[in-house]
Amino acid sequence: MKEIRSMTLPELTRTLEEDGEKKFRAKQIFAWLHARQAESFDEMSDLSLALRGKLKEHCELVTLEQAQVFVSALDGTRKYLFRLPDGHLIESVFMKYRHGNSVCVSSQAGCRMGCRFCASTLDGLARSLLPSEMLEQVYRIVRDTGEKISNVVIMGSGEPMDNYEHVLRFIRLLTDENGYHMSQRNITLSTCGIVPGIRKLSEEGLPVTLALSLHGSSDEERKQLMPVARKYPLQEVLAACDEYFEKTGRRISYEYSLVKGVNDSEDHARRLAALLKGKNCHVNLIPVNPIKERSYRSISRAEAAKFQLTLEKYGINATIRREMGRDIQGACGQLRRDYAGASLS
Ligand code: SAH
């Protein structure tokens, strides 16, 4: 059985040719799968019934089931809970920005990185997602909203560098000119700092934006919040990011979740500014979303603004992440957990 939505156009072409089909059929089917986000072979109305039958018999077509959607009355943000074919649940978020619509995609069900404030990692990793399962998050949302999606951020549950090959294939398929054809520049991949992954990505010749989860300006500070910091020292992580910038010309985005009393003081801001001094970068400040399983507290908008001002005083470009969909519960992985918990009881 071929899992057809994860196949590249050359792979699909080869498979069909081996089966005695004409080459142009592959392009037609690829367009149905990616440009038109087909949910079934029956939709492919310009293929003969015989070919549709053959595809049904020989290929697996992965689709996601929409288990739930929450729509914000404030800003149109939509949080989706999707069920994978084997029953695992994942979250994706649709956000409307002035520069276009954006989808936040999950790369794994659960996560094994163990960041202290993150809800996605509390139950560990269930499994990595297939390229088709990542594509389907975008495609189901395109179909559900009828809107064009111009940006994707791989910032949902999971660590993309822990599912490297599938994530790369997802990016290449999503940006294929015969498919959905999203611009590679409009894709952001966020990592907790897996050095070999960053290095490898810088060699791919892809102009995607790299976001690095920093959350502290020293190894000691990062270790408090992120177990992965024990494996990859900060200096190595930053060197890999510098290399990424040199090779791709893409400005790095550093994410810094602000946790009250842990990494939010004026001193922390100054140290962060010193660490990033001279780099062509951008800092994205995220007031932490408290999760009920941990006692971390968030900081106020005014406190975040003060932190931002200190960074800017030292010449570091920073913004505070706008909170989207405040009225629909479930920040960063909470939705899936609540739903899974509810369905168990
Ligand atoms: N594994 C990737 C993607 C994670 S989600 C990574 O670590 O970068 C994207 C960002 O949201 C990361 O910076 C992550 O640390 C942050 N994040 C996760 N849970 C959060 C929470 N409860 N509050 C604030 N930021 C959070």
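Is Pro 227 buried, partly exposed or exposed in this predicted model? With a relative accessible area of 25%, Pro 227 is partly exposed, because a residue counts as buried only under 20% and as exposed only over 50%.

**Figure 1. The loop that holds Pro 227.** Pro 227 sits in the loop that joins α7, residues 219-225, to α8, residues 234-248. When the neighbours within four places in sequence are left aside, the contacts of Pro 227 are with Met 113, Gly 114 and Cys 115.

**Figure 2. The protein chain as a whole.** The protein chain contains 11 helices and 14 strands. Its radius of gyration is 21 Å, close to the 20 Å that the globule rule gives for 345 residues, so the chain is as compact as a globular protein of that length. Among the contacts with a separation of 6 or more, 66% are made by residues 24 or more positions apart. The accessible surface comes to about 15300 Å², and carbon and sulfur atoms account for 48% of this surface. The chain carries 50 positive and 45 negative side chains, and the centres of these two sets lie 3 Å apart.

**Figure 3. Helix α2 and its cover.** Helix α2 runs over residues 23-35, and its 13 residues reach 18 Å from the first C-alpha to the last, which is close to the 18 Å expected at 1.5 Å a residue. The buried residues of α2 are Ala 26, Gln 28, Ile 29, Phe 30, Trp 32, Leu 33 and His 34. The cover over these buried residues includes helices α1 (9-18), α3 (49-58), α4 (131-145) and α5 (164-174). After α2 comes Gln 37, which has a positive phi, near 50 degrees.

**Figure 4. Helix α4 within the structure.** Helix α4 has 15 residues, which should span 21 Å at 1.5 Å a residue, and the 22 Å between its end C-alpha atoms agrees with this. Of these 15 residues, 12 are buried, so α4 is largely enclosed by the rest of the structure. The buried residues of α4 include Pro 131, Met 134, Leu 135, Tyr 139 and Ile 141, and also Glu 133, Glu 136 and Arg 140. Gly 146, which follows α4, has a positive phi, near 70 degrees.

**Figure 5. Ile 252 in strand β12.** Ile 252 belongs to strand β12, which covers residues 252-258. This residue has 2% relative accessibility and therefore counts as buried. Apart from neighbours within four places in sequence, Ile 252 is in contact with Leu 210, Leu 212, Cys 241, Tyr 244, Phe 245, Asn 280, Cys 281 and His 282. Phe 94, which is 158 residues away from Ile 252 in sequence, lies 23 Å from it in space, C-alpha to C-alpha.

**Figure 6. Two histidines with positive phi.** His 181 is not a glycine, yet its phi is positive, at about 60 degrees, and this residue lies in the loop between α5 and β10, residues 187-191. His 215 likewise has a positive phi, near 60 degrees, and is found in the loop between β11, residues 209-213, and α7. With a relative accessible area of 5%, His 215 is buried.

Key:
Residues numbered from 1 in each chain as written. Predicted model: local features only at pLDDT ≥ 70, side-chain atom pairs only at ≥ 80, totals over all residues. Heavy atoms only, no water. Helix = DSSP H or I, 4+ residues; strand = E, 2+ residues; numbered from the N terminus. Rg over C-alpha atoms; globule rule 2.2 N^0.38 Å. Contact = heavy atoms within 4.5 Å. Areas by Shrake-Rupley, 256 points an atom, 1.4 Å probe, with all protein chains shown as cover. Lys, Arg positive; Asp, Glu negative; His and termini not counted. Charge placed at Lys NZ, Arg CZ, Asp CG, Glu CD. Expected span 1.5 Å × (residues − 1). Buried < 20%, exposed > 50% of the residue type's maximum accessible area, 1.4 Å probe, protein only.
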